[in-house]
Amino acid sequence: MPYFPDEVVEHILGFVSSHRDRDAASLVCHVWYRIEGLTRRSVFISNCYAVRPERVHARFPCLRSLTVKGKPRFADFNLVPAGWGASAEPWVDACARACPGLEELRLKRMVVTDGCLNHLAHSFPNLRSLVLVSCEGFSTDGLATIATNCRFLKELDLQGSQVEFRGRHWLSCFPKPSTSLESLNFACLDGAVSANALESLVARSPNLKSLRLNRAVPTAVLAKILTSAPKLVDLGTGLVAQSNNAGALPSLYSAIQQCTSLNSLSGFWDSPRWITPIIHYICKNLTCLNLSYAPMFRTVDLIGTIHQCQNLQHLWVLDHIGDAGLKVVASSCLELQELRIFPANANVLASTGVTEEGLVAVSSGCRKLNSMLYSCSRMTNSALITVAKNCSRITSFRLHICLHGSVDAVTGQPLDEGFGAIVRSCKGLRRLSMSGLLTDSVFLYIGMYAERLETLSVAFAGDSDDGMIYVLNGCKNLRKLEIRNCPFGNTALLAGTHRYEAMRSLWMSSCDITLGGCRSLAAAMPGLNVEVISQADGGANDAKKVEKLYVYRTLAGPRDDAPGFVSAL
Amino acid sequence: MSTSSTNSAESPAVSGLDYDDTALTLALPGSSADDRKRALHDEHDKPPSPKARAVGWPPVRAYRRNALREEGACKLVKVAVDGAPYLRKVDLAAHGGYEALLRALHGMFAPCLAVRGEGELGSRLVDAATGAEYVPTYEDRDGDWMLVGDVPWKMFVESCKRIRLMKSSEAVNLAPRPSS
């Protein structure tokens, strides 16, 4: 080993791209640590408060692609108050100083202001890719700055972000006479879009492969776009409906037939049901279909469409596809790998969407399934046991029964046995999200069998501290534990004292932990940030119940940007 | 201009919202801190009541919730256009903001209206034949005729009882639309 030249190690490591493999390589010896650090091009920071940006750049001076995640996932469900943090500014700042050659920046659940986008636009002339997933804090003005200044931009993806509408001009700001755009996603944008600017942009973007429009793009414009970009691979439509332009629909129909490369389709919004035949033109080639934002499509429309999509690998739909629809999926979509069923009415607790029957049908028909998100009104242990037998390859299983605490619809029992079968059978399970009435037994099973589990989400489950303790003792690969409304107290929390440093984070809300317990944890583990989020003034005595707790390992010490309602213990 | 004799204390039969519900909070409309405690107790004492809701349950991302229509929450108001032979009804709750509403109104009265203006000021509705501009006005809870667009969207949805697209020659008593 002492005579192993650095250049050879460097050359070999150049072939290693996975983060985990590179992390492992960096632990071999000091030489490898140094070389790996110098050659890593793509860095993934899963928690923006786990490390200071400057430290990242010091260790990886040649990075070209940076991914940073911010708020805890439960922020998606309004459990994290506004103003909590996760500002992108420090990251953009540090990057601008240390790494002006940055090519890719991906942020998730972070707050990005127009000022930040401005800074970005002027600091990274080489930027190829900007992806903002579930971010907020910026407006169309910020987008205009990016479009104007990042002349080589290939990808601009705003998936799920909240963007303040300040005008339509941003689309006209992309480079002329042509752009390098390959992927543009502004489906989440609220507000109108200039038809001329959009048509002109598509016409001057010869490399465009993926385009996701927002609701406001009318049918006529979509038809024109497809005519000028028939090589599109991924399309998110606007609202497709009758307009007062009589020629729009027929020209859309003929335009879409020319799009022979199209294999991914989404959008539709409040499009009326009678436009579903338009999808039939491209059914044969479709591998990804997302109809989960099309509440007007009824079961019969969905069935008619999906029946023809024999090559589908990813399907996202609303629960009014019904069990009947899922049976059609099971018989037609044998290549299906990922299925997501969302509730059509998120605010109605007793939906009549899909039941355990649909789940069983899909699991028997679609043997390649590896990822499921299933929102249903009822479930049984026997169904889950069948699913476990049929789909032992599942890596991600999320079941959301809309009424929390629901029992087995046939036997009235808790759903412990069902989930137990899932973790026992699906040896590769990495992500699990449970619902229904669950006792400590299910956690015992998880602790015993779920060896590969990395993310566990639990709500309204368990009887006592034992539940959480089983999981903490058992799941050696656990990285993220998210718990809400469970009867876990200080004993459970402290049982994991020495586990949390090996995990990314722990979230506990509406449980039975107290300030005293959290303080003990903080005192025992200085390498963790133990943060209590509380908005009520109730005094600071140890017996006070903690409403929301967020614990994460960090090299950066306590946050210096914490708002008043976040207390670091 | 017609005024209806409205009892300003009468809440619209259709929406059932009151002002508190339109206040910006982080919880679902109708949920409160008590729901969580109730949910916890329900878990141990008895089956959860169908009405028990908790913040953020079912786990549907806020983005998705906003994109999908809430069943039953429907605010249908009459729309009158000066010169049109019959009225229409539009569901205010189905639209995200003023832009979307104007587009919908345009869609409804397409033969007689056109949408003019690609600029940042937003669309205006004009008579396709004469080019005369229509001013969107609405009658609020107090029976007053107001210019559409002054108050925040949610407040507008809550207080609007009906809409009238007034020919601008008649709209002399209302303040001109600010240009900015």
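This is a predicted model: local features need pLDDT of at least 70, side-chain atom pairs count only at pLDDT 80 or more; totals for chains, interfaces and linings use all residues.
Me: Why is W269(A) called buried?

Reply: Buried means under 20% relative accessible area. W269(A) has 5% relative accessibility, so it counts as buried.

Me: What about A86(A): where does it lie, and what is its phi?

Reply: A86(A) lies in the loop between β2 (65-69) and α5 (89-98) of chain A. It is not a glycine, yet its phi is positive, about 65°.

Me: How do you know whether A86(A) is buried or exposed?

Reply: Set its relative accessible area, 0%, against the cut-off of under 20%. A86(A) is therefore buried.

Me: Which residues of α8(A) and α9(A) meet?

Reply: From α8(A) come A195(A), L198(A), E199(A), V202(A) and A203(A). They meet V221(A), K224(A), I225(A) and S228(A) of α9(A). The residues of this contact divide into 6 nonpolar, 1 polar and 2 charged.

Me: What makes α9(A) and α10(A) roughly parallel?

Reply: Again, the angle decides. α9(A) packs with helix α10 (residues 248-257) of chain A at about 30°, with the axes 8 Å apart. The cut-off is under 35 degrees. Hence α9(A) and α10(A) are roughly parallel to each other. α9(A) passes α10(A) in a left-handed crossing.

Me: Which residues make the contact of α9(A) with α10(A)?

Reply: α9(A) supplies T219(A), A220(A), L222(A), A223(A), L226(A) and T227(A). α10(A) supplies A248(A), L249(A), S251(A), L252(A), A255(A) and I256(A). These divide into 9 nonpolar, 3 polar and no charged.

Me: Why is S457(A) called buried?

Reply: S457(A) belongs to strand β18 (residues 455-459) of chain A. Its relative accessible area is 5%, and buried means under 20%, so the word applies.

Me: What makes the link between S457(A) and R73(A) a polar contact?

Reply: The distance is one test: the N or O atoms must be within 3.5 Å. The side chains of S457(A) and R73(A) are joined at 3.1 Å, and this counts as a polar contact.

Me: How do you know whether E36(A) is buried or exposed?

Reply: E36(A) is found in helix α3 (residues 30-39) of chain A. Its relative accessible area is 0%, against a limit of under 20%, so E36(A) is buried. Leaving aside neighbours within four places in sequence, its contacts are L13(A), R22(A), S26(A), R59(A) and F60(A).

Me: Where is P58(B), and which loop holds it?

Reply: P58(B) is in the loop between α2 (33-45) and α3 (62-67) of chain B. The peptide bond from W57(B) to P58(B) is cis, with omega near -5°.

Conventions: Residues are numbered from 1 along each chain as its sequence is written. Chains are lettered from A and ligands numbered from 1 in the order in which they are written. Side-chain values use heavy atoms; hydrogens and water are left out. Contact means heavy atoms within 4.5 Å. Helices (H or I, at least four residues) and strands (E, at least two) are DSSP runs, numbered from the N terminus. Ala, Val, Leu, Ile, Met, Phe, Trp, Tyr, Cys and Pro count as nonpolar, Asp, Glu, Lys and Arg as charged, and the others, Gly among them, as polar. Buried means under 20% relative accessible area, exposed over 50%, partly exposed in between (1.4 Å probe, protein chains only). A polar contact is a pair of N or O atoms within 3.5 Å; within protein, one must be able to donate a hydrogen and the other to accept it, and residues adjacent in sequence count only if both atoms are side-chain atoms. Axes are lines fitted to C-alpha atoms, for helices over the stretch in contact, and angles run from 0 to 180 degrees between N-to-C directions. Angles under 35 degrees count as roughly parallel, over 145 as roughly antiparallel, 65 to 115 as roughly perpendicular and the rest as oblique. A crossing is left-handed if the near helix is turned anticlockwise from the far one by less than a right angle, and right-handed if clockwise.
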